[in-house]
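Subject: Structure for your review

Dear colleague,

Please find below the structure that I am handing over to you. My findings follow directly after it.

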Amino acid sequence: MPLVYFFPALRGALVLCPDEGVIYNVPIRVLVAQILTAGNFPLWNPYIFSGMPLFASAQAGVLFPLNWFYLGFTPAVATNLMMLSSYMLAALGAYLYARRSGSSIAGAALTSLVWQGSGFLVAQIGHTNIVHTAVLLPWLFWTIDGYADRGSRWSALLLSALVAAQAFAGHQQTLVYGLVLAAAYALVMSRGRQDTAVRRRYLYSVVFLVTGLLLAAVQILPTLELTRNSVRASATYDFFSSFSLPPRMLTLFFAPYLFGGGDGGVFSAPYTGQAFYNEYIGYAGLLTLALAGLALTLKRDRRTVFWTAAAVVCLALCLGRFLPFGAYKLVHYVPVLNLFRVPARHLMEVNFALAVLAGRALTFLPQARDRVKATRLALIAGTSVAALTCLAVTVFRPADFRLGRQAPVSFLRAPELFMPVAIALVSAWALWHFARGCDRRFARSFLPLLIVLVFDLGLWGQTSGWRLSPTPAHPIWRQPKTVDTLRALQRADGGEPSRILTEVQPFFVNQGRDEAEKYQLGDFMMTLQPDTAMMHRIENAAGYDGFGLKRYSDLAGDMKLWGELPDPARSVRGAGREFDILNVHYLVRQSPQGEARRRAAERAPLAPSRPEAPATVSLGGVPFAKDDLGAPSLTNGERLVFSVPLTETNRIALVTSLSWSVDLKDGDTVGHVRLRSEQGENFDFELRAGEHSSEWAHDRADLRGKIRHRRAPLATSFNVEDPAGNFEGHTYVAVFQLPKMVRLRGGEIDVSIHESAPKLVLDVKRVSLLNDEIAQPLRGDWMEKLTAPETYSDESGEAQGADEAGKTERAVTGLGGGRWRLVSEDEYLMIYRNTRALPRAWLAGETIALSEEATLETIRTGLLPGGKTWDPGTAVLVDSETQVKISNASSAGDVRITRRDPNRIELTVSAKAPSILILSENHYPGWRATVDGAAVETLRVNYNLRGVMLTPGAHRVEFVYRPKSALVGLLISLLTSAVLLVWCLRGRARAAPTEGRV
């Protein structure tokens with residue numbers, strides 16, 4: 001079934017990694033494969049957050065088998081193989097568990113269908129490791145029942161191995177949630193058993209769940225160590241309860257797009273719910289709800305009661321902070337559980353419980369002795385769900401629900417409203433029809449029910465957004481030009497190691513707006529999402545990872561887990577030295593015009609449609625919209641940036657006017673019209689005075705004799721009443737011919753800066769894209785005004801950027817008072833060089849002992865206590881408790897890095913005096929240092945960097961990452977594996993003589 005469901009991925013048209021898949025999960029898996037194929041084990045990641053543990057962060061899933069596709073296939077192919085295999089595992093595991101637990105073939109198939117197409121699994125498709133952990137959940141229950149029924153030691157071994165595999169998948173939250181549910185299941189199933197051996201084996205299953213954690217100790221212990229050093233170590237209740245499921249969004253179980261969303265196809269209403277819809281959707285189908293509600297009335301056995309209770313309890317836990325009486329605060333005191341946020345992820349258990357209950361109801365309904373009663377119960381269940389659906393889309397419909405087009409909200413205009421009701425009514429009929437005839441004509445009764453369920457789940461899932469996954473042509477699969485630029489800059493600097501800092505924007509929510517445009521805006525992936533840089537071995541001081549080192553976050557301007565800086569004005573543009581000592585040589589930013597284009601693209605429609613403001617007016621013989629754009633005036637180099645639905649055009653026409661343009665002569669350039677095609681072609685047209693636009697008050701009596709340019713072709717004229725005398729004002733029409741017919745994507749209109757007209761204003765009244773005589777007028781909300789860039793003056797006080805003609809082209813050539821100098825700029829990206837950056841390693845001849853608070857304050861302000869300027873190149877900050885103390889007049893010496901691997905750095909140093917070697921890498925447990933082959937203490941200096949004490953002379957220094965947590969975990973995992981294997985083999989040896997006698 002998954003191969004059909006995800007057919008676009010099967011045929012290679014899409015790569016299943018939307019949202020976080022493309023910005024985090026794919027890059028980190030590609031990096032792991034690169035490190036492994038280079039002959040190293042991926043213990044450390046030097047490419048994000050100035051270095052952090054890679055294996056310990058777990059989310060890369062280094063030991064999870066499905067991720068090994070990246071070792072032998074291209075990233076795009078490996079991603080699809082990985083994801084398709086995951087959903088096939090989910091489907092098979094659910095079917096096998098349902099069959100083993102007593103469901104019929106049809107019931108087990110339904111359980112499998114609901115689980116693989118459930119809201120949790122499909123909506124979380126971008127969270128690769130969540131999916132990997134969740135798909136193994138039914139396999140746990142299948143193995144628990146199998147071990148309890150047969151007592152095979154190999155089943156016990158398999159149960160432990162499955163737990164270990166879940167741990168290796170790398171999402172601790174879903175692992176813990178699944179283990180708690182599995183342990184509860186084993187305990188409940190052990191109660192009331194007549195067979196003592198079966199009851200005992202259910203209880204032993206809990207032991208083997210724990211044994212599975214011991215098998216995974218090689219992964220778990222490093223992760224626990226990282227947790228203690230991460231921002232999660234002291235998670236507040238607000239953090240812990242973030243992303244709780246708002247009670248009003250429970251209606252999504254009945255109408256999945258009641259708050260809007262979708263991929264812009266069938267469902268296109270703007271999303272108005274809590275941010276990150278994929279965390280709150282647990283849609284399992286309306287027929288599933290009816291069947292699940294029916295299950296307990298048909299067979300109240302231990303399994304049905306358990307799964308009903310699991311659905312109710314876990315749904316309550318989803319509410320998190322919204323639970324009455326602050327009940328969720330009790331969970332905050334439970335160790336391990338209090339490390340996780342997003343309570344809404346309990347939807348995993350809810351969806352699986354509903355799938356199991358629906359399959360059991362389908363199994364037991366044909367077995368009901370009283371057919372009339374069973375049919376009546378089925379009708380009640382179906383109509384109840386239909387009634388609740390009607391209430392959801394009417395009484396409980398969000399007040400801010402609106403359509404994706406300009407039209408009054410009504411029931412029949414919105415598929416988000418009428419489709420759930422229609423499906424609910426058909427589902428009620430299908431369930432009633434099945435209940436009536438399932439004992440006599442099972443296949444004929446079951447087929448309509450199956451069709452309705454497949455249609456329901458398919459309609460939701462196929463429009464949920466995964467089809468907005470990147471294509472094989474997406475820029476993520478090739479090296480962006482930004483990487484070429486950065487490498488050229490690094491080569492020009494002598495090839496010394498250096499980092500970039502991507503000025504990360506808040507999370508960008510993909511709402512289906514012109515994917516190609518978004519990802520072409522200045523190497524969008526490179527600019528806004530820092531993890532993609534590591535695919536190309538570019539080291540970044542920012543990053544995105546669920547575990548962020550607490551001390552590094554403090555040091556790097558309180559950086560967030562996704563690399564965002566809360567106050568870049570202080571940390572980047574201020575006097576602080578944090579990014580100087582972090583070896584940040586380049587700042588990568590999205591240019592203002594690129595950002596404006598992205599905002600305009602968000603508002604542009606997906607595809608050409610009938611214009612809401614059609615071209616009904618002819619001005620100068622050119623069709624335009626009846627009303628003006630309402631766009632703001634442009635002055636001092638400002639521009640209007642616009643994006644449009646892909647439109648075939650060979651001309652562009654404008655209605656404009658000028659103000660304060662008296663001294664401009666005929667032919668003077670007053671602005672530019674720049675257009676971009678779908679193929680990336682650029683077309684640039686000059687807007688000239690007297691030819692394309694003119695002074696709006698050209699006929700004012702006191703100006704008529706002074707204006708030095710003629711009137712351009714008229715568009716409109718209007719009467720102006722003025723104290724100096726009434727006159728006619730004008731707007732002017734200009735038409736620019738493209739060299740060929742193109743599919744236009746967007747463009748910009750700007751105004752030039754003139755010394756002779758310093759107050760020049762350009763007003764853009766209307767714009768039409770022309771395809772022969774067919775016009776597509778632009779709308780004002782498709783445009784974004786870009787303010788004039790700031791001007792930077794260098795240390796001599798001279799303004800930058802005066803061209804030979806005397807025109808001042810304003811450009812951002814520096815930030816932070818000259819600290820950052822612009823070295824590369826294109827249409828979308830700006831790259832700055834840090835003039836104060838320190839090298840990756842250097843020597844300091846003086847130590848200054850400060851408390852941690854004083855150290856941070858010194859780094860953030862550049863001033864020592866007392867107000868003296870701190871020079872990090874000569875003085876190193878150490879903890880006040882550190883006994884190391886040196887003070888040399890000179891720290892001169894030579895430092896050269898001779899080898900850099902992810903887990904090892906070697907340097908040759910020549911020190912002229914006692915010094916501290918400072919390595920601009922994060923200090924973290926497991927990093928060991930040797931000097932000339934002898935182990936030495938690794939110092940934590942400058943709050944969180946590595947350092948070693950050196951005597952005068954030449955030295956060979958080596959830093960190696962060998963975490964004890966991983967070594968101890970490996971030992972525990974190997975011992976546990978050996979014990980389990982010996983136990984299983986002994987069980988076979990004992991069984992052999994008995995089998996021979998039989």
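I begin with helix 14 and helix 18 (residues 415–437), whose axes cross at roughly 45° and come within 8 Å of each other. Helix 14 is therefore oblique to helix 18. The crossing of helix 14 past helix 18 is right-handed. On the side of helix 14, Leu286, Leu287, Ala290 and Leu291 make the contact, and helix 18 contributes Pro420, Ile423, Ala424, Ser427 and Leu431. Sorted by class, the residues of this contact between helix 14 and helix 18 are eight nonpolar, one polar and no charged. Please note that all of this refers to a predicted model.

Helix 14 (residues 286–298) also packs against helix 17 (residues 371–393), here at an angle of about 135° and with the axes 9 Å apart. Helix 14 passes helix 17 in a right-handed crossing. The residues that meet are Leu286, Leu289, Ala290, Leu294 and Thr297 from helix 14, and Leu377, Ala378, Ala381, Gly382, Val385 and Thr389 from helix 17. Eight of the residues in the contact of helix 14 with helix 17 are nonpolar, three are polar and none is charged.

The remaining pair in this group is helix 17 with helix 18. The angle between helix 17 and helix 18 is about 175°, and their axes are 8 Å apart. Because angles over 145 degrees count as roughly antiparallel, helix 17 and helix 18 are roughly antiparallel to each other. The residues of helix 17 in this contact include Arg371, Ala374, Thr375, Ala378 and Leu379, and those of helix 18 include Leu417, Pro420, Val421, Ala424 and Arg436. The contact of helix 17 with helix 18 comprises 16 nonpolar, four polar and two charged residues.

Asn129 belongs to helix 7 (residues 128–135). Its relative accessible area is 3%, so Asn129 is buried. Leaving aside residues up to four places away in sequence, Asn129 touches Asn25, Arg29, Gln59, Ala169, Gly170 and His171.

The other two concern the backbone. Most residues other than glycine have a negative phi. Asp558, however, has a positive phi, near 60°. Asp558 sits in the loop between helix 23 (550–555) and helix 24 (568–571), and with a relative accessible area of 30% Asp558 is partly exposed. Phi of Asn942 is positive as well, near 45°. Asn942 is placed in the loop between strand 27 (939–941) and strand 28 (945–950). Is Asn942 buried or exposed? Its relative accessibility is 0%, so Asn942 counts as buried.

Finally, some totals for the protein. The secondary structure comprises 29 helices and 29 strands. Of the 998 residues, 57% are buried. Among contacts between residues at least 6 apart in sequence, 75% join residues at least 24 apart.

Yours sincerely

Note on methods:
Residues numbered from 1 in each chain as written. Predicted model: local features only at pLDDT ≥ 70, side-chain atom pairs only at ≥ 80, totals over all residues. Heavy atoms only, no water. Axes fitted to C-alpha atoms, helices over the stretch in contact; angles between N-to-C directions. Helix = DSSP H or I, 4+ residues; strand = E, 2+ residues; numbered from the N terminus. Left-handed = near helix turned anticlockwise from the far one by under 90°. Contact = heavy atoms within 4.5 Å. Nonpolar A, V, L, I, M, F, W, Y, C, P; charged D, E, K, R; others polar. Buried < 20%, exposed > 50% of the residue type's maximum accessible area, 1.4 Å probe, protein only. Parallel < 35°, antiparallel > 145°, perpendicular 65-115°, else oblique.
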